Each structure stands twice: as structure tokens, then as C-alpha cells.
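Subject: Structure for you to look at

Hello,

Here is the structure I promised to pass on. Please open it alongside this message and check the points below as you read.

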Amino acid sequence: MRRALITGITGQDGSYLAELLLSQPDYEVHGLVRRSSSLNRQRIDHLAARDASTRERFHLHYADLADASSLSMVMHQVRPDEVYNLGAQSHVRVSFDQPEYTVDVVALGALRLLDATRQLARTQPVKFYQASSSEMYGSAPPPQGLDTPFHPRSPYACAKVYAHWQTINYREAYGLFACSGILFNHESPRRGESFVTRKVTLGAARIKEGLQKKLVMGNLDARRDWGFAGDYVQAMWLMLQQDRPDDYVVATGETHSVRELLELAFSSLELDYRDFVEFDPRYTRPSEVEVLLGDATKARTVLGWKPQIDFRGLVQMMIESDLELARRERFARTYSRP
Ligand code: NAP
Ligand code: GDD
């Protein structure tokens with residue numbers, strides 16, 4: 001059995017990665033979860049409820065990236081062969097409101113986990129994956145690739161740059177098998193509802209079902225290189241299966257504006273987004289990342305990775321899923337009335 005430890009397993013990527021690893025019978029998956037006053041395991045509940053063989057290979061442990069001793073304890077108990085650091089306060093806008101907390105979890109959290117991994121590496125081979133981000137490029141002109149200098153534009157992005165360089169330094173200083181995956185935006189029906197793609201697909205579906213009247217948005221001119229999260233976790237796994245640790249950019253190589261996203265999502269429901277979308281500066285950022293467009297040549301050539309789902313397919317998948325959710329919500333509302 002290969003043992004994988006995933007931080008951020010309750011998040012979008014953690015859930016797809018856990019699914020990918022558990023689909024291979026020789027993996028045991030250990031996820032790190034935080035204590036919260038109400039359970040937030042909707043994205044992984046289906047894994048715990050699967051057949052007995054999957055259940056036996058799936059384990060959760062309480063720990064927090066802000067708590068080094070909890071990380072060491074889990075590392076010691078699990079003794080993983082592969083560590084995937086996906087845990088983060090991952091919302092860019094929120095990082096302006098909570099900069100110190102964001103940096104603690106994203107930057108120092110990665111350092112804490114790297115160091116716990118280094119301790120383990122003294123007694124057994126262990127590989128480390130760091131979830132780096134295209135946000136690190138910030139205002140660097142597109143296309144952004146491995147040779148593009150970083151110019152981070154938020155507390156979150158600054159913290160990710162720190163974690164990226166610590167990952168490289170642990171590789172160079174201690175010979176740790178540590179990889180940094182610089183992933184461009186990736187989305188899915190499991191995307192958190194406050195990120196722009198999900199906000200748009202859920203908002204459009206709820207408007208279509210008569211559950212909401214308008215959608216209040218920020219900067220519609222921002223452009224992103226959006227891919228499907230299920231494709232991107234494949235790239236994470238492939239990085240740790242190589243003979244040598246290295247860094248990679250993972251992206252589709254296409255960029256679209258938030259406005260195009262709105263047009264596509266609403267028109268697929270036979271709606272015109274201009275009838276429903278309003279602007280509120282609350283949803284803008286003190287410093288914005290205007291254009292992201294990734295060059296994933298190395299991931300394609302070395303890892304043999306390529307995205308299976310394009311922008312149009314992604315939006316369609318999210319719209320279908322959110323329309324189903326909205327219909328269920330409408331049905332529940334209709335029949336729960338006295
Ligand atoms: P997400 O859905 O926001 O999930 C974040 C995960 O981190 C959740 O499981 C969350 O747990 C956990 N977490 C938050 N604070 C923590 C803490 N103090 N200790 C331990 N765990 C903590 O994010 P995602 O979209 O899956 O992204 C996964 C990783 O990739 C993140 O590091 C993100 O920054 C990075 N990334 C994402 C993208 C993207 O487009 N999705 C692109 C590049 C990089 P709770 O459920 O308890 O909140
Ligand atoms: N969230 C949000 N809400 N974004 C909006 C809105 C809105 O109402 N209106 C416009 N936008 C714009 C933002 O200003 C930004 O330019 C763009 O939509 C994308 O915003 P998000 O979906 O919040 O994602 P992000 O690009 O800031 O960050 C995501 O991708 C990064 C990788 O580039 C997150 O997943 C990060 O964790 C990740 O590292």
C-alpha cells in the first residue's frame with residue numbers, strides 16, 4: 001500500500017485528488033481535517049460511504065496548518081509516502097481582510113508541513129507536493145510560464161510565493177523530493193460558492209428557477225485561464241510519479257473574461273446576463289490581477305498531461321449541476337410551505 005496524506009481534503013481539489021488516489025487499489029488516503037462547529041465534509045462524504053475496500057483505505061485526522069505539533073503528530077502516525085499540501089485560506093479577496101491569518105496558514109503552514117516532512121524523510125522516502133498558484137504572477141504580462149518573474153498582488157499571492165520558494169529550498173538544501181505545481185484557476189461543480197465561476201453558474205441557475213432576482217458582481221474585465229479541477233489533480237499526482245522532483249505550470253493556454261463567463265452561463269439558460277447583473281465595488285480588490293494565461297508546455301511534454309475539458313465544457317458541466325441544485329431547492333421550498 002502507498003500512503004498519501006492530503007491537507008485540504010475537504011476542499012475542491014482535495015476531494016478530487018482523494019477520489020483519484022482511492023480509484024487506485026494500492027493507495028491508502030489520509031486526510032487532514034479541521035475541527036469546526038458544524039461538519040463541512042460534503043465533498044468527501046461519498047468516499048466514506050463507498051464500498052468496504054474504499055472505506056478501509058480512507059482515514060481522516062484532526063490537525064491544522066497553523067499548529068505545527070498537530071502536523072508532526074499526524075506525519076508520525078501516518079508515515080506517508082506522498083504528502084499533498086492543498087490546505088489554504090484560498091480566497092484572494094478575503095486575504096485582504098485577513099492578511100495575517102492567510103499568511104500564517106498559506107506561507108508558514110507550508111513551512112511547518114515541509115519541516116515535518118523533512119523529519120520523516122530522515123527515516124523513509126517521502127515526496128511532497130505544494131499547491132502553488134498562478135496568482136503569484138500577479139501583474140506579470142501574459143503568457144506566464146516557469147521563466148516569468150512573480151509579481152504578487154495580494155496577501156494570499158505573497159504567501160504562495162513564500163511557500164513556493166520554501167519548497168524549492170527544501171529540495172535544494174535537504175534533497176527532499178519536493179515539487180511545486182503552479183496551477184492556474186481550476187473549477188468544478190464542487191467549487192466554493194464565493195469564487196467567480198461558481199457564483200455565476202449558481203446565480204444563473206437560481207435566477208432561472210426564480211429563486212433570486214439579480215447577481216451582484218465585481219470586475220467583469222478580469223481574464224482567467226480556467227480549467228477543470230478533475231484534470232488538474234491528475235497533474236499533481238503525475239508530478240510525484242516522476243524520477244526527479246521539479247516544478248510545473250498547469251494551465252489550459254486559453255484566457256476568458258468574467259464577462260465571457262457570464263455570457264456563456266446565462267445564454268445556456270436562454271437568459272441575457274445584462275438583465276440581471278449589477279456592480280458592487282465590495283467585490284473588487286485593492287489590487288487586481290487583470291490577465292492570467294498559462295504556458296503549460298513542460299507539463300505537456302514531461303508529464304504527458306493535457307486538459308480533457310475546455311472552458312465551454314466546464315461552464316456547461318457547472319451549469320447543469322447548479323441547475324439541478326436550484327431545481328431541488330425550488331422543489332423543497334414549494335413543498336415545505338405550510
Ligand atoms: P478550497 O476549496 O478553498 O479548499 C481549501 C482547503 O484548505 C479546505 O479543505 C480547507 O478546510 C483547508 N484549510 C483551510 N485552512 C486550513 C488550515 N488552517 N489548516 C488546514 N486546512 C485548512 O481550495 P481549492 O480550490 O481546493 O485549492 C486547493 C489548493 O490549491 C489551495 O492551496 C489553493 O490555494 C491552491 N490553488 C487553487 C487553485 C484553484 O483555482 N482552485 C489554483 C491554484 C492554487 P475547511 O474545509 O475546513 O475550510
Ligand atoms: N470571487 C469573485 N466574486 N470574483 C469576482 C467577482 C465576484 O463577484 N466579480 C469579478 N470577479 C473577478 C475577480 O476580481 C478576479 O479577477 C476573478 O473574477 C476571479 O476571481 P476568483 O474566482 O475569486 O478567483 P481568483 O483568480 O481570485 O483566485 C482563484 O484562483 C487562484 C489561481 O489563479 C483562487 O482559487 C485562488 O486560491 C487560486 O490560487
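Predicted model: local features only at pLDDT ≥ 70, side-chain atom pairs only at ≥ 80, totals over all residues.

**Ligand 2**

Start with the ligand site. The shell around ligand 2 holds 23 residues. The closest are Ser90, Ser133, Ser134, Tyr156 and Arg285. By type, the shell splits into nine nonpolar, eight polar and six charged residues.

Where does ligand 2 lie relative to domain 1 and domain 2? Both domains give residues to its shell, so ligand 2 lies between them. Domain 1 covers 2-188 + 226-250. Domain 2 covers 196-223 + 255-292 + 310-336.

- Val196: a polar backbone atom is 2.8 Å from an oxygen atom of ligand 2.
- Gly218: a polar backbone atom is 2.9 Å from a nitrogen atom of ligand 2.
- Arg285: an N or O atom of the side chain is 2.5 Å from an oxygen atom of ligand 2.

How much of ligand 2 does the protein bury? Taken alone, the ligand exposes 710 Å², and the protein buries 96% of that.

**Salt bridges**

The count comes to 23 salt bridges.

Take Arg2 and Asp26 to begin with. Their closest N and O atoms are 3.3 Å apart. Arg2 sits in strand 1 (residues 2-7). Asp26 sits in the loop between helix 1 (12-22) and strand 2 (27-33). The pair therefore ties together parts that are 24 residues apart in sequence. Arg2 is partly exposed, at 26% relative accessible area. Asp26 is also partly exposed, at 32%.

Now go to helix 12 (residues 311-336). Glu324 and Arg328 form a salt bridge there, with the closest N and O atoms 3.4 Å apart. These two residues are four apart, about one turn of the helix. Are they buried or exposed? Glu324 is partly exposed, with a relative accessible area of 37%. Arg328 counts as exposed, because its 52% relative accessibility is over the 50% cut-off.

Helix 12 also holds Arg333 and Glu329. Their side chains meet in a salt bridge of 3.1 Å, N to O. They too are four residues apart, about one turn of the helix. Arg333 is partly exposed, with a relative accessible area of 38%. Glu329 is partly exposed, at 27%.

**Ser188**

Last, look at Ser188. It lies in the loop between strand 7 (186-187) and helix 8 (196-208). Is Ser188 buried or exposed? It counts as buried, because its relative accessibility is 0% and buried means under 20%.

Which side chains does the Ser188 side chain contact? One is Gln12, in a polar contact of 3.0 Å. Another is Tyr16, where the polar contact is 3.5 Å.

**Where to look**

After that, turn to the two pairs in helix 12, Glu324 with Arg328 and Arg333 with Glu329. Finish at Ser188 and its contacts with Gln12 and Tyr16.

Best wishes

Terms used. Residues numbered from 1 in each chain as written. Chains lettered and ligands numbered in written order. Heavy atoms only, no water. Near = heavy atom within 4 Å. Polar contact = N/O pair within 3.5 Å; in protein donor to acceptor, adjacent residues only side chain to side chain. Areas by Shrake-Rupley, 256 points an atom, 1.4 Å probe, with all protein chains shown as cover. Nonpolar A, V, L, I, M, F, W, Y, C, P; charged D, E, K, R; others polar. Domains from an automatic or database assignment. Salt bridge = Lys/Arg side-chain N within 4 Å of Asp/Glu carboxyl O. Buried < 20%, exposed > 50% of the residue type's maximum accessible area, 1.4 Å probe, protein only.
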